[in-house]
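Please examine the model shown below.

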Amino acid sequence: MTPLEELRHSASHILATAVLRVFPDAKLDIGPPTDTGFYYDFDLDHKFTPDDLVRIEAEMKKVADENQAFFRKEVSREEAVEIIKSRGQERYKLGRLADIPADEKISFYQNGEFIDLCAGTHVRYSSKLKAFKLLSIAGAYHRGDEKNKQLQRIYGTAFPTKDELAAYLTQLDQAKLRDHRKLGKDLKLFVIDEDVGQGLILWTPNGAIIRQELQNFISAELRKQGYSQVFTPHIGKLELYKTSGHFPYYKESQFSPVIENESLAKILAEGCSCTEVYARLDAVSAQLAAQVNARTGKETITVDRVRPDDQLLDGFMLKPMNCPHHIKIFASQPHSYRDLPVRLAEFGTVYRWEQSGELNGMTRVRGFTQDDAHLFCTEEQVAAEVLGCLSLVKIVLSTLGMSDYRVRVGLRDPDGKKFAGDPAKWDVAEAACRTAAATLGVPFTEEPGEAAFYGPKIDFVIKDMIGREWQLGTVQVDYVLPVRFDLTYIGADNQSHRPVMIHRAPFGSMERFCGVLIEHFGGDFPVWLAPEQVRLVPISDKVNEYGTTLLAQLKAAGVRASLDGHSDKLGAKIRRAELDKVPYILVLGAKEAETQSVSVRSRAKGDEGVQPFAAYLERVKSEIATRALPEKKVTTTVPSRPQGT
RNA sequence: GCCGGCGUAGCUCAAUGGUAGAGCACCUGUUUUGUAAACAGGCGGUUGCGGGUUCGAAUCCCAUCGCCGGCUCCA
């Protein structure tokens with residue numbers, strides 16, 4: 001345990017000490033340190049309120065001031081049971097005790113009147129706790145299993161010094177300013193309207209520009225790499241997804257199917273009342289849910305999310321993935337080995353029924369557009385194609401200056417049943433992914449159980465401003481769907497062969513990627529992505545006319561520009577443009593109008609002085625064409641965005 | 001979905017049982033401005049929605065929708 005972890009672990013014991021003083025009935029579960037602090041889980045009828053947090057924190061300060069020593073006590077299993085019982089903590093602690101392997105030592109740590117089953121280690125004295133703060137209350141299932149009771153978790157953080165704690169809290173506040181949900185509102189990039197629906201992104205004009213530019217960028221790269229563009233509809237028949245295996249494997253996280261009018265009419269013609277229709281649907285659904293749960297070994301499918309079955313009804317589903325559609329395009333004509341690889345690309349919009357509590361701004365939504373593509377190749381081509389996909393991801397991320405990501409190789413869960421197909425093929429595919437990931441030059445982790453049900457994958461994972469990880473790009477090898485759809489090509493031997501599929505999406509989804517991108521740039525987008533690239537600011541309306549001619553020239557050159565024609569003073573116009581995070585402000589006065597020049601103020605450097613307009617135009621055009629990254633901001637005191645703007 | 005917190009004007013927030021307010025944004029007028037906020041006036045809310053308690057509800061209670069933080073989940 002590092003010294004910081006030790007400090008935080010001790011803080012969690014002191015938290016429990018304080019909670020028991022204030023609420024003696026609380027039952028304790030566990031309280032470990034985390035990357036950013038610590039928590040402790042309690043079971044208590046009384047629901048903690050924010051006011052309780054204040055009381056508990058005050059009590060923790062007292063405990064710290066009491067300068068309690070931490071003692072380690074090694075005991076036999078029998079003694080451990082006795083201690084736990086004597087404290088009335090058998091509800092969870094006996095279970096935790098049972099987790100400790102027979103050959104391991106059992107230890108308790110005691111500070112003052114508090115004693116807890118604990119492997120350690122701890123600080124020597126509670127007075128070491130000089131800088132801590134309780135942050136939030138949350139529900140957390142015992143042992144992380146939603147079938148268990150939900151406990152109350154108190155989160156806090158602790159640092160060796162008050163300055164470090166203050167710095168961390170400031171950093172948290174700073175991060176909130178870069179939150180894509182806040183910037184999305186301030187910069188008018190997207191909205192979510194509750195009448196349209198939770199988790200459904202409405203791209204407003206500014207956000208749409210960013211998305212469009214990204215799509216143009218990726219499309220150009222795809223053309224270079226020999227991809228073919230396709231378009232497919234947003235729905236497909238239930239049968240299609242039964243063939244692919246998405247339905248019912250993932251039925252719980254799909255929108256309910258759209259029932260065909262004819263099927264609906266048939267049922268109604270039988271004279272069923274509405275309640276009877278629902279009863280029939282429920283009966284079939286229950287049966288189906290039971291089947292699926294038996295197969296997966298989990299009770300994850302609930303009847304109400306499993307509505308019409310095809311034995312009863314025909315229907316269409318909002319597509320949860322694009323692959324079945326692309327597969328049908330591939331299968332629509334015979335293929336020779338000479339044609340392969342076939343690479344079909346589409347910005348395909350898919351819909352998934354995410355749990356309401358999991359929705360989050362643009363990063364977790366119910367409808368999203370993947371920059372999707374499916375590659376159909378021979379087994380020999382797999383390794384090279386995976387590498388090609390990875391290089392594409394690298395191009396995308398490096399063009400955007402995103403280097404702070406990690407790579408995860410998702411392998412099948414050896415004990416799980418949530419994978420389909422031949423284990424031998426999985427081994428080959430997993431080896432191919434591992435080899436490909438190794439060539440990236442980025443550290444990667446192998447994570448069993450993180451595979452898709454049809455094959456292993458390589459994911460790119462990035463953290464958001466508050467430290468939550470999101471999966472972006474992904475490359476997945478698939479030996480299963482070609483079998484399910486009986487895909488073939490004719491080899492050089494004139495025999496029919498099975499192609500291998502690769503699924504890949506370098507951005508993941510446009511929604512999530514843009515959300516992460518907003519936070520990555522803090523709203524200061526590179527010029528090629530900025531919704532507004534140039535703001536013309538005439539000093540007085542006497543030069544508005546000059547501004548108008550420049551605006552026309554900028555627009556003719558394809559530069560997104562506008563003119564601030566308000567009758568405000570210069571400072572106010574500059575302030576407005578800065579808050580809108582426009583990369584270039586061109587100040588225009590009488591001098592500039594006479595000499596066909598502009599006074600350039602860049603977002604990065606501030607006032608750059610006067611230069612000929614023609615020269616500036618070339619400069620900004622080239623910056624756009626090369627997709628230049630923003631220069632690092634010269635640090636000045638930037639006033640925080642005020643209320644009301 | 002679960003636990004907890006929160007929903008007041010376009011935005012950020014006041015008003016703790018007694019006439020819903022401020023700043024900014026927006027509109028109008030004055031001002032014609034040299035690198036982050038000129039001045040004055042005006043417009044704007046059935047306090048998320050629906051019930052209830054009360055002489056009286058933004059405020060208290062119930063229900064519902066949504067948002068936030070976690071947990072669970074994430075093809």
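Asp41 is buried, with a relative accessible area of 2%; buried denotes under 20% relative accessible area, exposed over 50%, and partly exposed the range in between, with a 1.4 Å probe and protein chains only. The structure is a predicted model, in which local features need pLDDT of at least 70 and side-chain atom pairs count only at pLDDT 80 or more, whereas totals for chains, interfaces and linings use all residues. Residues are numbered from 1 along each chain as its sequence is written, chains are lettered from A and ligands numbered from 1 in the order in which they are written, and side-chain values use heavy atoms, with hydrogens and water left out.

The partner of Asp41 is Arg153, and their side chains form a salt bridge with an N to O distance of 2.7 Å. A salt bridge here is a side-chain nitrogen of Lys or Arg within 4 Å of a carboxyl oxygen of Asp or Glu. Because Arg153 belongs to strand E7 and Asp41 to strand E2 (residues 38-43), the pair ties together parts that are 112 residues apart in sequence. Helices (H or I, at least four residues) and strands (E, at least two) are DSSP runs, numbered from the N terminus. Arg153 is also buried, at 14% relative accessible area.

The whole structure holds 44 salt bridges. In another of them, Arg21 meets Glu59 at 3.1 Å, N to O. Arg21 lies in helix H1 (residues 3-22) and Glu59 in helix H2 (residues 50-65), so this pair joins parts that are 38 residues apart in sequence. Arg21 is partly exposed at 27% relative accessibility, while Glu59 is buried at 14%. Both residues belong to a network of salt bridges that also includes Lys62, Glu66 and Glu113.

A polar side-chain atom of Ser356 lies 2.3 Å from a phosphate oxygen of RNA strand B, and an N or O atom in the side chain of Asp541 is 2.7 Å from a base nitrogen. Helix H18 gives the largest share of this surface, seven residues.

Elsewhere, Val196 lies in the loop between strand E8 (190-191) and strand E9 (202-203). Val196 is partly exposed, with a relative accessible area of 45%.

Methods. A polar contact is a pair of N or O atoms within 3.5 Å; within protein, one must be able to donate a hydrogen and the other to accept it, and residues adjacent in sequence count only if both atoms are side-chain atoms.
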